[in-house]
Amino acid sequence: MNTDQVPRYRCNACGNLTRFDVTSRRRTRAFHHFDVSGDLSVEAETVLEEETEEVSCRWCHSSGSVVGLEAPEKVEAPERGVDGNPESTTGSVARSAEG
Ligand SMILES: [Zn+2]
């Protein structure tokens, strides 16, 4: 199976990056190839749909602390001037109503 598209995970509780129990639901189509004696070989399996239901950490068994690393977290830069002046937007609206 091609594992290139499987996201990586990290457990924020213990820092585990390598061992997880992943519960997923998958819909696949495959070519079932029976030979004359009835032995089956499954070929050309294609994943049509896949939904990950739960990922839990193998180390600390925490499921709530596991995050996917598929989308890297944004590092928010502190914006200056916005927090220091909370009434700037509402104040201008009230002032225009006066005129
Ligand atoms: Zn953990």
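How many strands and helices are there in the chain?

1. Four strands and one helix make up the count for this chain. The model is predicted. Its order along the sequence is β-β-β-β-α.

2. Next, burial. The chain has 99 residues, and 4% of them count as buried.

3. Ala-44 deserves a look at its backbone. Its phi is near 50°, a positive value, and the residue is not glycine. Ala-44 sits in strand E3, which covers residues 40-57. Is Ala-44 buried or exposed? Ala-44 is exposed, because 9 C-beta neighbours lie inside 10 Å and the cut-off for exposed is 12 or fewer.

4. His-61 also belongs on the list. Phi of His-61 is near 55°. That is a positive value in a residue other than glycine. Where is His-61 found? His-61 lies in the loop between E3 and strand E4, the latter being residues 66-68. His-61 counts as exposed because 11 other C-beta atoms are within 10 Å, against a limit of 12 or fewer.

5. For checking by eye, two places are set out here. In strand E3, go to Ala-44, where phi is near 50°. In the loop between E3 and E4, go to His-61, where phi is near 55°.

Note on methods
Residues numbered from 1 in each chain as written. Predicted model: local features only at pLDDT ≥ 70, side-chain atom pairs only at ≥ 80, totals over all residues. Helix = DSSP H or I, 4+ residues; strand = E, 2+ residues; numbered from the N terminus. Buried ≥ 20, exposed ≤ 12 C-beta atoms within 10 Å, placed from the backbone.
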